[in-house]
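Work through the following exercises with the structure open beside you, and try each task before reading its solution.

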Amino acid sequence: MDHFHFRDGVLHAEDIPLTRIAEEVGTPVYVYSRQTLERHAQVFRDGLKDIPNKHIAFAIKCNPNLGVLRVLARQGYGADVVSGGEMERALAAGIAAEDIVFSGVGKKRSELRQGLERGIGQFNIEHEPEGIALAEIAHSMGLRAPAVLRVNPDVDAGTHAKISTGKAENKFGVGIDVAPEIFGRLAKLDGMNLRGVALHIGSQLTSLAPLEAAFERVAILIADLRAAGHDITHVDLGGGLGVPYHPDDNPPSPAEYGAMVARVTKDWNVTLMFEPGRVIAGNTGVLLTEVLWVKPGAKNPFVIVDAAMNDLARPALYDAFHDFVAVKPTGEKFDAWIVGPVCETGDTFAKDRHIDKVESGDLAVFRTAGAYGATMASTYNSRDLVPEILVDGDKYVSVADRISAGTIMAAERVPDWID
Ligand code: LLP
């Protein structure tokens, strides 16, 4: 459920008509709903009600906006970060260092040190050399790094190949078959407090079966590690729960996910850690855009909007579906392509889609754009960096200002040795 709804024929975010934001801020612009964000945070936590010891770390890669993070920090969420930059954002948003988990397939030594200096709660080690480096740095600082070893359970998450992470051929974690030996060697190091394992098999999962299969494999690994004398107190189950992009999508609910997790892990006797991203933020945001032109096409017309692949990259990258809805629909529909102004055929949001009939000057939104939207934006084609608005009831604020192409150009220079 979300708080984007029609009132008097106009799409609103909570109590704010999107026409007002378009007028006052301009388009394209991301619009987030605080009430939706809070609701999703609560629904996810409620889904885990049967899990006695847990830690929820929002995967901030999907929406690292400081305003969004502050809302989630107030909900008691920690942060899953994948870079030094994300770590600083989480801290700046008021998330306690001990509630921060540092994932990421290629951490720099300087970032490992930064995490230790900041006193973050957990490092998710991706492979043995990284663990050795972490232990060395921690030891040199007189510390023991709290860590878990990420394993690759070799299951097919059944999602898009570009966002699947738990197959043996993917770059993430260590093979579950070799995990016990690596765990044994890393656990012995001074400077290391290796306390468990982590996994994350992919994103936008629309079935619980691959997750359950992966968790079953981890259960066997935990038993093996304990049999070898290791103290296993923490298991990080990652994120990945899918969201409905299409009105007919029906992914598993947080309650169904939580019930499965509670059943599979009931004898594990550990603190379970979660790294949800999309399921918290996806449906809390829309990308508001203006229709520039409607141009005849070979079969169906092209609706050329002022948002482009640089603002919302998912359709171009993953052929992802984002529902397109007019802000003031007339009730009429037509079949059309929806494209942006960028000079690539890949800058296509939809092909031959049955959509609200729109004309030049009309406003529309791409829905479910709160996760992996603004954060993946670029300034390709020297376009402005898209701004972000957070709505709360009848007020709204810019939580990220538009950065103009001029500001970006001002950071560049022509070498004085070129005349
Ligand atoms: N934990 C780890 C270690 C991850 O790599 C990810 C996502 C998450 C948690 C959060 O997963 P979520 O709950 O959001 O599914 N840009 C792509 C998605 C990339 C996901 C990367 N990792 C997209 O737009 O679909």
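For sorting residues, Ala, Val, Leu, Ile, Met, Phe, Trp, Tyr, Cys and Pro count as nonpolar, Asp, Glu, Lys and Arg count as charged, and the others, Gly among them, count as polar. Keep in mind throughout that this is a predicted model.

**Exercise 1.** Describe the shell of residues around the ligand and how it divides by residue class.

*Solution.* Begin with the count: the ligand is surrounded by 18 residues, of which Ser203, Glu275, Arg278, Arg314 and Tyr372 are the closest. Then apply the classes given above, which divide the shell into 6 nonpolar, 6 polar and 6 charged residues.

**Exercise 2.** Find which side chains place polar atoms at the ligand, taking 3.5 Å between N or O atoms as the cut-off.

*Solution.* Take the ligand oxygen first: one such atom lies 2.4 Å from an N or O atom in the side chain of Ser203. Turning to nitrogen, a ligand nitrogen atom is 2.6 Å from an N or O atom in the side chain of Glu275, and a polar side-chain atom of Tyr318 is found 2.8 Å from a nitrogen atom of the ligand. On its own the ligand has 600 Å² of accessible area, and the protein covers 91% of this.

**Exercise 3.** Locate the ligand relative to the pockets and to the domains of the chain.

*Solution.* The ligand sits in the largest pocket. Next, consult the domain assignment, which gives domain 1 (4–32 + 282–409) and domain 2 (34–278). Their contact takes 24 residues from domain 1 and 23 residues from domain 2, while the C-alpha centres of the two domains lie 32 Å apart. Finally, because domain 1 and domain 2 both give residues to the shell around the ligand, the ligand lies between them.

Conventions: Residues are numbered from 1 along each chain as its sequence is written. This is a predicted model: local features need pLDDT of at least 70, side-chain atom pairs count only at pLDDT 80 or more; totals for chains, interfaces and linings use all residues. Side-chain values use heavy atoms; hydrogens and water are left out. A residue is near a molecule or strand if one of its heavy atoms lies within 4 Å of it. A polar contact is a pair of N or O atoms within 3.5 Å; within protein, one must be able to donate a hydrogen and the other to accept it, and residues adjacent in sequence count only if both atoms are side-chain atoms. Accessible areas come from the Shrake-Rupley method with a 1.4 Å probe; for residues, only the protein chains shown count as cover. On a 1 Å grid over the protein atoms alone, a cavity is a set of points where a 1.4 Å probe fits but cannot get out, and a pocket is an open set with protein on both sides within 12 Å along at least five of seven lines; lining residues have an atom within 4 Å of a point. A molecule sits in a cavity or pocket if more than half of its atoms lie within 2 Å of its grid points. Domain bounds come from an automatic or database domain assignment. Contact means heavy atoms within 4.5 Å.
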